[in-house]
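Look at the sequence and the 3D structure together.

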Amino acid sequence: QVQLQESGPGLVNPAQTLSLICSVSGISIESSPYWWAWIRQSPGKELEWMGFIAYSGSTYYSPSLDIRIRTTISMDTSKNHITLQLNSVTPEDTAVYFCARGIYFSYDYWGQGTQVTVSS
């Protein structure tokens, strides 16, 4: 059974780099034709897609310039996990961060999400 589990610091100071891990079990992250996305939801807002990394290692980021210039998504095949790095965080980056597995035009598995609060 495919499972995704996000993990991270919970609390990050402004201007620092947020690093999150999505641990994947039940399938190799290099399995075609899947991709692995990071999606977040800030309080009172809709889900915001940040980007994804494909099984091949290719990455695609949000058209939002603010997200695109601050975000790096990578994969560690030895640990079978996906990482998200978000630079120069502000309180507006406070959100629940999810990882999800994508196939074709939808997502079929999601993690439970991890709360990240940006505050000094």
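Two strands pair if DSSP finds at least two bridges between them. Strands themselves are DSSP runs of E with at least two residues, numbered from the N terminus. This is a predicted model, in which local features need pLDDT of at least 70 and side-chain atom pairs count only at pLDDT 80 or more, while totals for chains, interfaces and linings use all residues. Residues are numbered from 1 along each chain as its sequence is written, and side-chain values use heavy atoms, with hydrogens and water left out.

Start with strand β8, which covers residues 81–86. Strand β7 (residues 71–76) runs antiparallel to β8, and 6 bridges join the two.

How much of β8 is covered? The strand is mostly covered, with 5 of its 6 residues buried; buried means under 20% relative accessible area, with a 1.4 Å probe and protein chains only.

Now turn to Gly102, which lies in strand β9 (residues 95–103). Gly102 has a relative accessible area of 0%, so it is buried. Its contacts (heavy atoms within 4.5 Å), leaving aside neighbours within four places in sequence, are with Pro33, Tyr34, Trp35 and Tyr107. Ala54 is 48 residues from Gly102 along the chain, and their C-alpha atoms are separated by 8.9 Å.

Conventions
Buried means under 20% relative accessible area, exposed over 50%, partly exposed in between (1.4 Å probe, protein chains only). Helices (H or I, at least four residues) and strands (E, at least two) are DSSP runs, numbered from the N terminus.
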